[in-house]
Amino acid sequence: MVLFESGQLALATAALETIERDFPGDAATTLTLARALAQAGRAGAAASVTSQLFAATTQPVDVLIQAVEILDGCDRKTEALRLCENAIAGGCTDARLHMQAGSLANQLGHFTHARAHFMQVVAHDERAHEWFVANGLAIAQRYAEASHPDFALFEQALTRSDLSLRARASLLFALGKGFDDIDEIGQAATRFSEGNALRRQLRSWSRDDWERLVQSRLCAQAPAPMPRPADWTPVFIVGIPRSGSSLVAARLSSHAGVRNRGELPWLQHLARQLPDPASAAASRLHELADIYQSHLLQDDAPARFYLDKQPLNLLFLDLILSLWPHAKIVHCHRAARATALSLWMQDFADAQHGYAFDFDEIRAFMHGCEQLMAHWQQRYPRAIHRVDYETFIARPDSCIAALGAWIGIDPLQSSPDATAPGSIATASLWQARQPVYSRSIGRWRAYAQAIPELAMFPDA
């Protein structure tokens, strides 16, 4: 544990493997080993060790939940869901397992199963709305009419006096989403406004900090490029959130030889350790590059292209193109009013998106992103390919074909799982699995009267 907590992962892993061999089935050892393996980028080994713990013996529910969280973090969501459902089938009634199963089923596109798990939580545990079950129910479907029972469920929950502000906000966002689905614009705008007002009371985002960060990145000296092995290509999909990155990643990952790693946090984590990359020693840059690569490549079958769709990697394109000069940057762009409205309608859980609950803050955030992308485009014009959301929606096949050709993906190769985009952990988990549709294009016009703040953004 001392070795693991001090970051000496190789030594910690060796010690833990010895203990596990001598004391097989010890949950504390196995789970710590799994975390060490995951921390080292060996997600497959971490998942294997975790699953083996449950192969022969039944474990307490708290151990099971820890294992599910490890598997989820390793993007082994199918295995995590299987553990949950096996325990439930074996008689475990803990609502936490149903909540975990519902979230995992949503991310895997098993929406009917997800709903069944969420409704089990609602029926048997008063903490359901503190666990934001309304969000799980709302984002996994498109409502057709106000008579759907979820509307009454959410409205009834809002009458409770014991809910936290965070839970109440989640319900309001879920109702707003439902009313938006059925084109009840006035009702939707009211609920989103109320939800955003509550979330503003809870956020910790600072516009001053954001603007200082942007200016520091604009003024930073670019580190020298470092030649590295180029038998695989990292592809970074960046842009303002809600600009189509999940849709683009889902389509690209349908090609053989492309591995989608979702929104990895590692580049931002490593960048924080380099306040001035240009003055960092080459050995330090190589060390951090190796850490990131271990989480991008992992220990499954090798691929030719690896996708990281963390939108805010746009802050660090100079670092990316120093560490991997052959990297491809896909810049997802969407019309400003549509982007602002979509951000404002989303109940982000991550503190780094605390700007999204106020239009003034959204404008400041978007301005910073636009400054950065203009800066990077001028500095690295050949490394960046822009994908316009509106063009993608209108002509998805030709847009993806052009993008794939620019990246170097063989358009004739497709994965056997081309129709299944895998797990999606963002708010686009339902939309990214549907045929491309144009409902969102110009959607802001329906809200222009109800939300006059949209006028502060350009309409393109």
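1. A crossing counts as left-handed if the near helix is turned anticlockwise from the far one by less than a right angle, and as right-handed if clockwise. By that rule, α2 passes α3 in a left-handed crossing.

2. Quick caveats: this is a predicted model, where local features need pLDDT of at least 70, side-chain atom pairs count only at pLDDT 80 or more, and totals for chains, interfaces and linings use all residues. Numbering starts from 1 along each chain as its sequence is written, and side-chain values use heavy atoms, without hydrogens and water.

3. Helices α2 (residues 9-22) and α3 (residues 27-39) have axes that come within 9 Å and cross at roughly 150°. That makes α2 roughly antiparallel to α3 (angles over 145 degrees count as such). Axes here are lines fitted to C-alpha atoms over the stretch in contact, with angles from 0 to 180 degrees between N-to-C directions.

4. On the α2 side, the contact (heavy atoms within 4.5 Å) is made by Leu9, Thr13, Leu16, Glu17, Ile19 and Glu20. From α3 come Thr29, Thr30, Thr32, Leu33, Ala36, Leu37 and Gln39. These residues split into 6 nonpolar, 5 polar and 2 charged.

5. Now the second largest pocket, with about 270 Å³ of space. A pocket is an open set of points on a 1 Å grid where a 1.4 Å probe fits, with protein on both sides within 12 Å along at least five of seven lines; lining residues have an atom within 4 Å of a point. Of its 14 lining residues, Gly7, Leu9, Gln39, Trp266 and Ile291 are the closest to the centre.

6. The largest share, 5 residues, comes from α16.

Notes
Helix = DSSP H or I, 4+ residues; strand = E, 2+ residues; numbered from the N terminus. Parallel < 35°, antiparallel > 145°, perpendicular 65-115°, else oblique. Nonpolar A, V, L, I, M, F, W, Y, C, P; charged D, E, K, R; others polar. Points joined across faces, edges and corners; volume = space filled by probe spheres on them.
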